[in-house]
Structure formats: C-alpha cells, structure tokens
Amino acid sequence: MTPLLSTALLCCLGLALGLGACTTRTGSDSRGESRFDPRAIAKSDIDRVAEANQREVVAGLHRLTDKLYRRNPREWKKVGVASHEAAVTRIFLPGAVWPELGGKTDIQAVQLAFRDDYQGDRVLALMAGLLGMVQAAFDYKTNFYVIDSLDPQKLYNCARNLEIVAWKLNNARNLESELFILSNELDHANRNLSFEREIGRLVGLLDFLSLVIADKSGRNVNRVVQNLATAVFLPVVALK
C-alpha cells in the first residue's frame with residue numbers, strides 16, 4: 001500500500017469516526033445544530049444497540065410496574081406512600097434501597113413476591129427484583145463502549161426468568177388459593193392479556209440482544225428447556 005493511499009484511508013477513517021461522533025439536535029430557534037460528542041468515537045453499532053435495548057427494557061419494566069400497582073392498589077398502600085405513582089417512582093429512583101426486602105435483590109427479591117409468609121409490598125419485591133436482575137444482565141452499566149463485553153448467557157437467562165415470572169403471575173397462589181399478584185384478566189367476558197404481552201416484548205428484546213452479542217463475540221449460549229410449572233430461576237450474576 002502506497003503512503004498516499006494509506007494517508008487517504010486514514011483520512012476516510014477519521015472522517016467516518018468524526019461523523020459518527022457528531023450529534024444533531026434542534027435549538028431554541030428550531031434550527032438543527034451539530035455538536036461533537038467524543039464519547040461516540042469509542043462506540044460500535046452494537047454498543048448503541050445494547051444501550052437502546054436496555055432503555056427499552058427498563059421502560060417496559062416501568063410500564064409493567066405502573067400497571068401492576070393500578071391492578072393491586074393494596075400493595076403500595078402497605079408502605080404508606082401517597083399514590084401508586086409515588087410507589088412506581090420509589091422503585092426506579094437511582095440508588096434506591098428498600099429496607100422491607102431485607103437486603104434481598106435480583107432473583108431473591110422476585111422469589112419473595114411469591115412467598116406466603118411475605119407481608120410486604122409484593123409488587124415492590126417483584127419489580128425491584130426484576131430491575132436488579134436486568135441491571136445485572138447488563139453488568140450494571142448504562143453506557144457501552146468497544147472495550148465492553150456483555151455476556152449473552154446472562155441476557156438469555158434474564159429472558160427465561162421473565163417467562164417464569166409471567167407464568168407465576170397467572171398461576172402462583174397463596175394458601176387461600178388467591179393469586180399473589182393480580183395481572184392478566186382471563187375471564188372471557190373481559191379478557192386482558194396486556195401484562196403478558198408486555199413481558200413477551202421484554203423477552204423478545206433480551207433474546208434478540210443475546211443473539212447479537214453471541215454472534216459478535218463468537219460465544220455459545222447454553223439453551224435451557226424447562227417446564228414453567230417447575231422451572232427454577234436461572235443465574236444472571238457471576239457467570240464468567
């Protein structure tokens with residue numbers, strides 16, 4: 001390769017990286033203005049996909065939490081918050097802690113929501129647990145760069161755990177044969193499967209990203225087939 005050609009290629013690469021690092025936003029005068037974001041230089045397309053995927057998953061958990069509190073107002077009233085909106089906000093506050101969970105996080109908190117002896121806010125236990133599980137699957141990061149490497153197995157396991165949660169919401173009952181947490185309305189006269197559809201969307205997002213990351217890294221994902229009635233939650237922490 002001639003020095004001239006090498007220089008031209010380097011210039012093209014620099015231009016491409018520079019363009020990728022520029023962001024455009026609308027100013028106060030409604031005109032577009034470009035700004036240079038140096039962090040974008042260190043991002044691949046897959047990094048951006050991972051960030052967008054995570055944002056969508058967390059937004060889906062937020063919607064699911066709101067719907068569950070509307071369906072189960074008795075739960076947020078257990079902790080004395082002013083409204084179901086305040087209860088939702090409490091779960092998604094950055095760095096939030098929930099003393100009533102006794103230090104349980106991730107899968108352990110999810111399991112707490114379906115225990116007969118738990119007297120606290122079951123929606124909190126479930127959704128705080130799911131949020132922690134998703135954060136673990138994304139290695140507790142919200143920004144990804146070329147040096148970062150997600151584990152496709154964690155993402156896959158997280159998707160399977162959400163499927164187990166969907167089954168439990170429809171089937172897990174207390175000693176009085178009542179559902180622990182109300183979600184889908186299965187009555188044919190007033191059928192509502194919006195909870196199931198939302199969880200299914202989150203499962204699809206996580207499965208898609210798992211496939212993308214596995215293809216990028218050349219790693220295999222160990223696929224698990226379980227009977228949902230007897231399925232156990234799969235680990236999302238310390239898999240490497």
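How are H7 and H8 oriented to each other, roughly parallel or roughly antiparallel?

1. This is a predicted model, in which local features need pLDDT of at least 70 and side-chain atom pairs count only at pLDDT 80 or more, while totals for chains, interfaces and linings use all residues. Residues are numbered from 1 along each chain as its sequence is written, and side-chain values use heavy atoms, with hydrogens and water left out.

2. The axes of H7 and H8 (lines fitted to C-alpha atoms over the stretch in contact, with angles from 0 to 180 degrees between N-to-C directions) come within 8 Å and cross at roughly 165°. The two helices are therefore roughly antiparallel, a term for angles over 145 degrees.

3. In the contact of H7 with H8 (heavy atoms within 4.5 Å), residues of H7 including Leu-155, Ala-159 and Leu-162 meet residues of H8, among them Ile-199, Leu-202 and Leu-206. By class, this contact has 15 nonpolar, 2 polar and 4 charged residues.

4. Ser-183 lies in the loop between helix H7 (152–171) and helix H8 (194–217), and counts as buried (under 20% relative accessible area, 1.4 Å probe, protein chains only) because its relative accessibility is 1%. Leaving aside neighbours within four places in sequence, Ser-183 is in contact with Leu-68, Arg-71, Leu-169, Asn-170 and Phe-195.

Methods. Helices (H or I, at least four residues) and strands (E, at least two) are DSSP runs, numbered from the N terminus. Buried means under 20% relative accessible area, exposed over 50%, partly exposed in between (1.4 Å probe, protein chains only). Angles under 35 degrees count as roughly parallel, over 145 as roughly antiparallel, 65 to 115 as roughly perpendicular and the rest as oblique. Ala, Val, Leu, Ile, Met, Phe, Trp, Tyr, Cys and Pro count as nonpolar, Asp, Glu, Lys and Arg as charged, and the others, Gly among them, as polar.
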